[in-house]
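This briefing goes through a single model, topic by topic, for a reader who has the sequence and coordinates at hand. Please read the points below alongside the structure.

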Amino acid sequence: SASSPSPALNAAELTAERDRARRDYEELVRRGLSLDLTRGKPSPRQLDLAEALLTLPSGGHRAADGTDTRNYGGLQGLPELREIFSGLLQVPAAQLVAAGNSSLTLMHDSVVHALLSRLPGAERRWADEPRIAFLCPVPGYDRHFALCERFGIELIPVPMTADGPDMDVVERLVREDAQIKGIWCVPKYSNPDGACYSDETVRRLASMPAAAPDFRIFWDNAYAVHHLTDERVEIADLLALCAESGNPDRAFVFGSTSKITFAGAGVAFFGSSPDNVAWLIGNLGKGTIGPDKINQLRHAEFLRDADGVLAHMERHRELLRPKFDAVEAILSKELGGTGLATWSRPAGGYFVSLDVLEGCAREVVRRATEAGIALTPAGATHPYGKDPRDSTIRIAPSYPEPEELELAIAGLTVCVRLVATEKLLEAAG
Ligand code: PMP
């Protein structure tokens with residue numbers, strides 16, 4: 001899914017293109033825009049779709065089993081909400097935990113607890129290891145990387161393909177290095193390139209030999225139901241495949257309703273083997289007497305069942321799809337066939353990944369910032385903020401109003417043309 005390179009321009013044509021880009025850029029700066037394409041937040045209109053939550057629960061405070069949700073307890077979360085998300089996240093309800101409002105918190109706490117309390121199958125706590133490393137398919141999600149950096153966990157980049165991480169590389173590293181304790185995966189509509197893991201990739205992840213007995217796949221299924229097309233992409237069931245392959249404790253599955261209901265007041269989920277779930281709940285129980293079950297109850301009432309979740313996601317799609325279509329249309333019109341950039345055409349999720357000529361991404365982002373268009377910093381998609389090719393730019397189209405989005409993307413293409421033509425002329429001497 002990439003635009004094709006253009007026939008090479010001669011020096012005169014390139015100079016003309018550069019001059020045109022300069023004029024367009026001056027015009028862009030003169031407009032004094034103030035636009036933001038940085039983070040994958042739902043728009044206010046998307047949040048409005050779940051406004052009814054604020055009036056729920058309507059049927060009182062009792063859960064299906066009679067639990068008084070106002071009180072303490074129920075560490076694993078409400079069974080009726082776990083039932084709704086069990087199939088969607090491919091985790092048996094009995095092995096699913098419904099927790100607080102953020103799956104990132106659950107990922108963070110899983111790492112911290114693995115550092116401080118021995119994981120099932122581990123020889124020692126991660127804190128007692130001489131060195132810990134995580135594989136990071138790139139481009140990837142900056143907050144995964146920041147979380148690891150925070151705890152001194154080494155980040156090893158692995159290239160992404162259209163089918164997920166390059167499994168030849170992953171298998172070799174995980175087989176050889178017992179200090180590699182984890183891998184970050186966003187298996188569906190990946191952040192930022194929209195890739196979906198093929199069944200073969202999932203099968204290989206589940207079954208590959210690992211030098212570390214406590215190797216874990218951090219399966220961040222943040223976009224499990226976030227479809228943008230009629231094809232609702234399905235991925236293979238990692239947890240089941242791990243169990244079948246004799247690696248039952250390998251998968252940590254995460255998800256949340258952050259981009260289903262309220263980004264700041266949803267419900268997050270953790271799913272894994274019975275042993276891992278017992279390990280996590282044992283640790284969580286030292287920090288809380290139970291989650292916000294009233295929020296879980298109103299989510300269960302609002303979403304009703306898995307079909308209710310999918311129906312609700314259709315309403316998000318109606319708002320999001322035109323924005324992604326606008327991004328595609330503008331990028332195609334302004335950059336298609338120029339050879340100056342390629343980009344993803346995601347079938348779901350929250351991002352478009354724009355690849356500019358090597359060595360140009362930072363300068364494009366700088367130029368855009370100068371013109372009042374805020375972008376995620378170049379390099380954020382890579383461990384330590386370092387994109388060795390300096391070419392990946394993450395675009396988050398969800399939040400801005402359509403008119404603002406179109407202005408911002410059009411402005412971004414001006415910056416791409418300017419920086420790329422300057423770079424090519426420089427290279428041509
Ligand atoms: N994982 C990924 C891949 C994300 O893109 C995001 C949000 N941008 C999150 C996790 C955050 O999830 P939560 O709101 O549940 O903490």
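This is a predicted model: local features need pLDDT of at least 70, side-chain atom pairs count only at pLDDT 80 or more; totals for chains, interfaces and linings use all residues.

Y384 is not a glycine, yet its phi is positive, at about 60°, and the residue sits in the loop between β12 (373–375) and β13.

- R304 counts as partly exposed, since 13 C-beta neighbours are found inside 10 Å.
- The peptide bond leading from L56 to P57 is cis, with omega near 0°, and P57 belongs to the loop between α2 (44–48) and α3 (79–89).
- N191 and P192 are likewise joined by a cis peptide bond, for which omega is about 10°, and P192 lies in the loop between β6 (180–185) and α7 (199–207).

*Strands β11 and β13*

- Strand β13 (residues 392–395) is covered on both faces, with T392 and R394 buried on one side and I393 and I395 buried on the other.
- Strands β11 (residues 352–356) and β13 run antiparallel and are joined by four bridges; within β13, T392 is the bridge partner of D355.

*The largest nonpolar core*

- The largest nonpolar core comprises 124 residues, of which L238, V356, V364, C415 and V416 touch the most other members.
- Helix α13 (residues 402–427) supplies the largest share of this core, namely 10 residues.
- The core lies between domain 1 (11–46 + 310–427) and domain 2 (57–304), because both domains give residues to it.
- Leaving aside residues up to four places away in sequence, L238 touches V202, L205, A206, I217, W219, A251 and V253.
- As general background, nonpolar side chains in soluble globular proteins tend to be buried together.

*The ligand shell*

- There are 13 residues around the ligand, and those that come nearest are S102, S103, L104, S256 and S258.
- Sorted by class, the shell around the ligand consists of six nonpolar residues, six polar residues and one charged residue.

Terms used:
Residues are numbered from 1 along each chain as its sequence is written. A residue is near a molecule or strand if its C-beta atom, placed from the backbone, lies within 6 Å of it. Ala, Val, Leu, Ile, Met, Phe, Trp, Tyr, Cys and Pro count as nonpolar, Asp, Glu, Lys and Arg as charged, and the others, Gly among them, as polar. A nonpolar core is a set of buried Ala, Val, Leu, Ile, Met, Phe, Trp, Tyr and Cys residues joined through C-beta atoms within 7 Å. A residue is buried if 20 or more other C-beta atoms lie within 10 Å of its own, exposed if 12 or fewer, and partly exposed in between; C-beta atoms are placed from the backbone. Helices (H or I, at least four residues) and strands (E, at least two) are DSSP runs, numbered from the N terminus. Domain bounds come from an automatic or database domain assignment. Two residues are in contact if their C-beta atoms, placed from the backbone, lie within 7 Å. Two strands pair if DSSP finds at least two bridges between them.
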